[in-house]
Amino acid sequence: MATSTTLLIAEILSICVVIYGWVIFPILFSPLAKIPSAHWSAPFSSFWILNKRRKQAETLAVHDAHLRLGPIVRLGPNEISVNSVDGGIRTVYAGGYQKGDWYLNAFNNYGIMPMFAMPDHANHSQRKRMLSNIYAKSTLQSSKAMDTITHTLLNDTLVPKLRGMAKKGEAVEFYDLFCAMAMDFVAAYVFGLKNACHFMDQPDMGARFFRDYKARQEFVFWPQEMPLFTSFMSKSGLGNLLVPSWVAKANNDIESWLIGMCDKAEQTVRQAELEGEKGPEEDWPNVYSRLRSSLLKESKAKSASDVPVDYQVQVNRLAVASEMLDHTLAGFDTSSITLTFLAYELSLPHNSHWQDKLRAELKTLDGSRDAKTLDNLPILHAILMETLRYHAPIPGNQPRITPSDATLGAEGHAVSGLPPDVRVQAQAWSLHRNPEVFPEPETWNPARWLESNEEQLKEMQRWFWAFGSGGRMCVGSNLAMLDMKAIIAGIWADFRTTCVDGRGMVHNGGYVAEPVGKDGKYCMMKVEEIEVLVKKERMVGYVRETR
Ligand code: HEM
């Protein structure tokens, strides 16, 4: 009798402890309790936000919460979102808050972390130091290799392809075109032009690759957000219920495809070592060789002098491949999304004056595609910046982990004494829609980058977050700006585009925001060559006059 009473008391106490820990403490006493909740269940359950993430509908849901509740909101018992520069992205991202497991769970190529996923500061900054210079603006703008790559890809592939499309007069899928073009650009710089993929020359293969690549994305939710449950299901033989088996096969195929380019790049490096000269600049694997030699230097310093170099190269092979895979995929995915939304906006009837203004500006170049000159064109820059603002390709959450005793939130909303290991995030989507900084934020309006005064521009730059900020900011931002500007110049200097079907141009609501598409179509465009149009117009005028 005594035993059963003791058991009953123990049970009641346990239930009280659970209720206190799961319900009373998070609602009333947690330092997070002062933060308005995005959903009534957020203080004691992550179900609401996890469900939004599973459906890739998080970005708009969090944005809506910020509109209703202000610049700091609670998304779950241990999760918050900030939407301000001061007390927000400056504190979290420039303040070096760590990344946590979220990145590691999803970005782990060949079982090895690339820089993007490295949670700790020391390893990450060592890797970033190895790579920053090769992507620096000054390096890229003065690179003969980049210049030749640009001219080759524009003059030998893009322009002839557009001319063919214009002649046929049929609508074409511009999302595929931009995926191929952006991939060829980044791969040529990373691996060397001759070693890179040439998807522009193999459009069907490219389109298949891009569809497979994208189709995997919705399943990333499980290992990324629910790693323990996913591991349990897979150990129980039920993993297929969450992530179909073709996803693993598609991942392996991508890894093998990329290793192929690494092996070709390795041959180029070896040959140069044997022959004592590099060969054509554009064929040199700029990024691959930079990381390879930095890692080799590091392993030589750590190992005994009699360890053969070949062995050390082999040891680093997958670490280099993991990093290169990340750059190649990050580079093509984001740039192609940006270019597709840019083409879409420019080709809508009410924006046709922007297409004309851009073309007039590009005509002043007289065919030059010099990177520095392109970078100084104000209308081109304004159109691209406005697209990155309004259609940021990574508009979604970029989670970090609080240190102990953190204070977060804009002035008047600051919350102090936050415990360590709270997941805190910001999102470009919301930062880019602050009406005090970007008036009429839901309008795509490049003029804001041309007509604002110095003070307004400074404020716009502070809130502009397409490439992130702080130590984990995008390492490829300069390459992206350079290749996107070159591609835009290659198209709109000589061609006019009209959107035929843009019903699919709605952003996915997850971390990356590719267009969702409709009936298998994304951004169907008609292309016309200006020279041909002018000739036609002259002919019509001549016929009229002679009648
Ligand atoms: C329009 C083009 C691009 C956009 C908008 C973009 C955006 C971003 C953003 C927002 C981040 C931070 C993400 C986070 O912390 O969650 C990032 C990181 C990164 N990006 Fe980009 N990116 C672009 C192009 C590129 C290109 C061309 C490359 C490579 C050649 C690249 C490679 C990387 C890498 C390696 C990181 C991780 C940096 C680090 O951890 O220090 N990106 N990018």
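Visitor: Which residues of α19 are buried?
Guide: Bear in mind that this is a predicted model. A residue counts as buried when 20 or more other C-beta atoms lie within 10 Å of its own. In α19 that holds for L380, A382, I383, L384, E386, T387, L388, R389 and Y390.

Visitor: What do the buried residues of α19 pack against?
Guide: Helix α19 covers residues 378-390. Its buried residues pack against α17 (352-363), α18 (371-375) and α21 (448-451), and also against α16 and α23.

Visitor: Which helix gives the most to the shell around the ligand?
Guide: The ligand is surrounded by 23 residues, and the closest are G331, T334, G468, C474 and G476. Two helices, α16 (309-346) and α23 (477-492), each supply at least two residues of this shell. The one that gives the most, with seven residues, is α16.

Visitor: How many residues of the shell around the ligand are charged?
Guide: Sorted by class, the shell has 12 nonpolar and eight polar residues. The charged ones number three.

Visitor: What is I80 in contact with, leaving aside its neighbours within four places in sequence?
Guide: Two residues count as in contact if their C-beta atoms lie within 7 Å. For I80, the list includes L32, I35, I72, V73, R74 and L75. It also holds L408, V422 and V424.

Visitor: Why does the radius of gyration agree with a compact globule?
Guide: The protein has 547 residues, so a compact globule would have a radius of gyration near 24 Å. Along its principal axes, the C-alpha trace spans about 110 × 70 × 45 Å. The radius of gyration agrees with the globule value because the protein has 26 Å.

Visitor: What share of the residues in the protein is buried?
Guide: The protein has 24 helices and nine strands. Of its 547 residues, the buried ones make up 41%.

How values were computed: Residues numbered from 1 in each chain as written. Predicted model: local features only at pLDDT ≥ 70, side-chain atom pairs only at ≥ 80, totals over all residues. Helix = DSSP H or I, 4+ residues; strand = E, 2+ residues; numbered from the N terminus. Rg over C-alpha atoms; globule rule 2.2 N^0.38 Å. Buried ≥ 20, exposed ≤ 12 C-beta atoms within 10 Å, placed from the backbone. Near = placed C-beta within 6 Å. Nonpolar A, V, L, I, M, F, W, Y, C, P; charged D, E, K, R; others polar. Expected span 1.5 Å × (residues − 1).
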